[in-house]
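Here are a few exercises to work through with the model open beside you. Try each task before reading its solution.

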Amino acid sequence: MTTSFTELFGVRYPIMQGGMQWVGRARLAAAVSEAGGLGTITALTQPRPHDLANEIAHARELTDKPVAVNLTILPSISPPPYEEYRQVIIDAGVPIVETAGSNPGPHIEHFHAAGIKVIHKCTSVRHALKAQRLGVDAISIDGFECAGHPGEDDVPGLVLIPAAARQIEIPMLASGGFADGRGLAAALTLGAQGINMGTRFMCTQESPIHDRVKQAIVDADERDTELIFRPLRNTSRVASNDVAREVVDILDGGGDFASVRELVAGVRGRRVYETGDVNAGVWTVGMVQGLIDDIPTVADLIARIVEEAGDCLLSAAKAVDNLSAPVA
């Protein structure tokens with residue numbers, strides 16, 4: 001299965017594991033890359049830059065295939081030392097970086113100077129076009145269905161992907177709402193050159209989150225998410241639980257961020273993944289959980305997706321042949 005994405009980034013299949021806070025660790029990323037996709041270590045999951053260096057080294061012990069690093073850049077009162085994390089990525093010889101959040105411009109020239117390719121994650125066509133002008137090598141575009149921050153335009157993938165494909169000239173991955181081969185086939189048909197999956201990879205044997213959280217995803221359906229921070233124009237899609245619903249009620253009632261700060265603290269979300277207490281805090285998950293009903297190994301999942309996508313595309317081609325066949 002060859003696309004411009006697989007050719008540019010040197011992977012076998014057009015499937016990327018997106019960067020996920022607390023989830024994107026070496027074992028999962030290496031498993032995805034070893035199975036033919038592109039695995040991703042999340043830089044800011046590591047508390048200090050030298051911890052990221054150790055995590056990258058650990059991934060290299062598990063696979064000799066390309067592994068990416070996600071660097072999410074967000075405005076903050078006390079921002080992490082982004083330049084130090086960037087330098088660790090460069091010094092480690094990481095071949096691919098996924099940037100997300102704010103403008104990646106200040107980092108692109110440093111990565112390119114080191115021979116590192118950059119994929120930028122966007123939630124709108126206008127942001128994707130800006131990233132393309134800045135010189136990124138590929139785009140990952142997130143539809144409204146995605147986990148985490150879907151932006152404020154509320155455009156679902158079925159519209160966003162082809163809208164972006166009409167204008168984006170570099171390889172583009174479709175993200176948000178993908179879990180199986182039907183989704184991969186659809187993404188390719190809509191004009192993307194592959195898919196970026198997060199929630200689906202959370203529900204694998206190699207995922208570092210607690211088994212009770214994985215089972216909660218399996219048991220949930222597509223309606224079991226909440227959109228928090230909507231009144232603050234910083235929307236985030238998270239699992240529907242007691243804490244998330246309380247946050248929604250407070251903010252809908254006129255509360256400000258200070259009134260929910262303790263409820264949404266990152267340390268509480270991390271506790272969910274570590275302890276399996278799904279009500280310990282807010283934790284991100286996408287609507288695509290409604291399509292997830294098992295917890296396979298990464299290798300089995302990727303093989304299944306590729307086979308199913310091929311079957312879907314062949315079936316569609318046969319349907320076209322039948323439509324175009326002359327009537328006797």
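**Exercise 1. A loop residue**

In which loop does Asn 103 lie? Describe its surroundings too.

*Solution.* Keep in mind throughout that this is a predicted model.

Step 1: Asn 103 sits in the loop that runs between strand E4 (96-101) and helix H5 (105-113).

Step 2: look for contacts. Leaving aside residues up to four places away in sequence, Asn 103 touches Ile 73, Lys 130 and Leu 134. A polar atom of the Asn 103 side chain also lies 2.7 Å from the backbone nitrogen of Gly 105.

Step 3: compare sequence and space. Ile 116 is 13 residues from Asn 103 in sequence, and the C-alpha atoms of the two are 17 Å apart.

**Exercise 2. Salt bridges**

How many salt bridges does the count come to? Examine some of the pairs.

*Solution.* Step 1: take the total. The count comes to 15 salt bridges, with a cut-off of 4 Å between the side-chain nitrogen and the carboxyl oxygen.

Step 1: Asp 242 and Arg 245 meet at 2.9 Å, N to O. Both residues lie in helix H11 (residues 242-252), 3 residues apart, about one turn of the helix. Asp 242 is partly exposed at 47% relative accessibility, and Arg 245 is partly exposed at 35%.

Step 2: The side chains of Glu 152 and Arg 233 form a salt bridge at 3.9 Å, N to O. Glu 152 is in the loop between strand E6 (138-142) and helix H7 (157-165), while Arg 233 is in the loop between strand E9 (225-228) and strand E10 (236-239), so the pair ties together parts 81 residues apart in sequence. Arg 233 counts as exposed, at 58% relative accessibility.

Step 3: look for a network. Salt bridges link Glu 34, Asp 64 and Lys 65.

**Exercise 3. Aromatic pairs**

How many aromatic pairs does the structure hold? Classify two of them.

*Solution.* Step 1: the structure holds 3 aromatic pairs.

Step 1: the ring centres of Phe 5 and Phe 9 are 4.9 Å apart and the planes stand at 40 degrees, so this pair is tilted. The two residues are 4 apart in helix H1 (residues 4-9), about one helical turn, and both Phe 5 and Phe 9 are buried.

Step 2: for Tyr 273 and Trp 283, the centres are 6.3 Å apart and the planes are at 75 degrees, so this pair is edge-to-face. Tyr 273 belongs to helix H12 (residues 266-275), and Trp 283 to the loop between H12 and helix H13 (298-324). Tyr 273 and Trp 283 are both buried.

Notes:
Residues numbered from 1 in each chain as written. Predicted model: local features only at pLDDT ≥ 70, side-chain atom pairs only at ≥ 80, totals over all residues. Heavy atoms only, no water. Contact = heavy atoms within 4.5 Å. Polar contact = N/O pair within 3.5 Å; in protein donor to acceptor, adjacent residues only side chain to side chain. Buried < 20%, exposed > 50% of the residue type's maximum accessible area, 1.4 Å probe, protein only. Phe/Tyr/Trp six-rings, centres within 6.5 Å; stacked < 30°, edge-to-face > 60°.
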